[in-house]
Amino acid sequence: SSVTIPPPACMLRPLEAPFRYLFGPGPSNVPPRILAAGGRPIIGHMHSEMFGIMNDIKKGIQYAFQTSNNMTLAMSGSGHTAMECAVFNIVEPGESVLVAINGIWGERVAEIAERMGMKLIIKIKPAHSFVILHILQALAKHKPVLFFLAHGESSSGLVHPVDGVGDICHKYNCLLLVDSVASLGAAPLLMDQQNIDILYTGSQKALNAPPGTAPISFSERACHKMFNRKTKPVSYLLDMTHLSNYWGNDGKPERKYHHTGPVSGFFALRESLAILAEMGLENSWSHHTEVAEYLWKGLEDLGLKLFIKDKDLRLPSVTTIAIPEGYDWKELLAYIMKHHQIEFTGGLGPSVGMVLRIGLMGYNCNKANAAMALAALEDALKQCRKSKA
Ligand code: GLV
């Protein structure tokens, strides 16, 4: 037997990845300290030192989420993995999920729930927030076991109020699942005080780690539901019975092999959580707000309209701009990428064709970068205007 397929020519060339200013909704640029942590020699995923690092990560997530939940860990995978993990572990066949859809993330959870057999939706237009009374009415009517709400809806640039939602969910014996992928570290969120049952985020936004790991935490109430299931979750990889053992959360004396966690990704995540702990959550929140306000003012000075009118509902990490009249949004983005090496993005899901998005998160979040983003946009607005004809 002999090899018939030759080595591909591309594999004989060195890897090329350009430097880009990642000022979109994520991933964000990774600071040298986190890159260096991720570049350390790897150790085995079952070594005692690795378990020590995982224990540190757990503590770092408990701080970032403001929770004392024991069932706190990082998923091997992006925010979507955590989203599926939450739904797969909590919901059993025949049960209902209520999903607040005001952008892409609600749509995604609805699709995941639908694939499992059941979904119920309350839907409003992108860029709007849900009124507590409507959530309450939907809970009373549909009696779901899980209610999903995106705290940071990055497709529309909206940060959703969470106060009071957990209380009404619990009144109807429902668990509250919150997505904070785009908001964690940028906008205030207090898992325990706000009675959130399941909270997850991603590594690649305000935490500035490379994409590929996703912190998640489950309340006692959520643990009670998921560890008293009659059926096994559909996913083996995402089964919390195994994951809780792998993370040393199940009280058993020994951690058993389940899957090989992303060792370098965990090193980087630990470093990013350490940076957040050093800075302090309150400082991180106020810093994001200050830079966002500077950006918003600059955008308005350029004559642009912010997509979220109500300042209190604007996500500090991802700003959405209504596409200005007389411009092709794709051309604007391409011009900015080509001439300024800056990534902004268009809309996502229901906001495609409606907005441009600028994200300044964590390490990227400073006034110098905001000024650079504004200058690039100003230049593009001059160069890309369509003729009236
Ligand atoms: C992804 O998270 C996005 O908002 O584009």
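In the predicted model, helices H3 and H4 are oblique to each other. The axes of H3, which spans residues 79-90, and H4, which spans residues 104-115, come within 10 Å and cross at roughly 45°. The handedness of the H3 and H4 crossing is right-handed.

Strand E3, formed by residues 97-101, is mostly covered, with five of its five residues buried. In regular strands, side chains alternate between the two faces of the sheet. In E3, Val97, Val99 and Ile101 point one way, whereas Leu98 and Ala100 point the other way. Residues of both sets are buried. E3 is joined by three bridges to strand E5, residues 146-150, and the two strands run parallel. Within this pairing, leucine 146 of E5 is the bridge partner of valine 97, a residue that also belongs to the buried set of E3.

A further element of the model is an open sheet of three strands, arranged in the order E11-E14-E13 with antiparallel pairing. Its edge strands are E11 (318-322) and E13 (345-346), each of which pairs on one side only. E13 is connected to E14, residues 355-359, through two bridges, and these strands run antiparallel. Opposite threonine 345 stands arginine 357, located in E14.

Alanine 140 is situated in helix H5, which extends over residues 132-142. This residue counts as exposed because it has 11 C-beta neighbours inside 10 Å, and a residue with 12 or fewer is assigned to that class. Between alanine 140 and glutamate 278, which are 138 residues apart along the chain, the C-alpha separation is 43 Å. The exposed setting of alanine 140 stands in contrast to that of strand E3, where five of five residues are buried.

Terms used. Residues are numbered from 1 along each chain as its sequence is written. This is a predicted model: local features need pLDDT of at least 70, side-chain atom pairs count only at pLDDT 80 or more; totals for chains, interfaces and linings use all residues. Helices (H or I, at least four residues) and strands (E, at least two) are DSSP runs, numbered from the N terminus. A residue is buried if 20 or more other C-beta atoms lie within 10 Å of its own, exposed if 12 or fewer, and partly exposed in between; C-beta atoms are placed from the backbone. Two strands pair if DSSP finds at least two bridges between them. Axes are lines fitted to C-alpha atoms, for helices over the stretch in contact, and angles run from 0 to 180 degrees between N-to-C directions. Angles under 35 degrees count as roughly parallel, over 145 as roughly antiparallel, 65 to 115 as roughly perpendicular and the rest as oblique. A crossing is left-handed if the near helix is turned anticlockwise from the far one by less than a right angle, and right-handed if clockwise.
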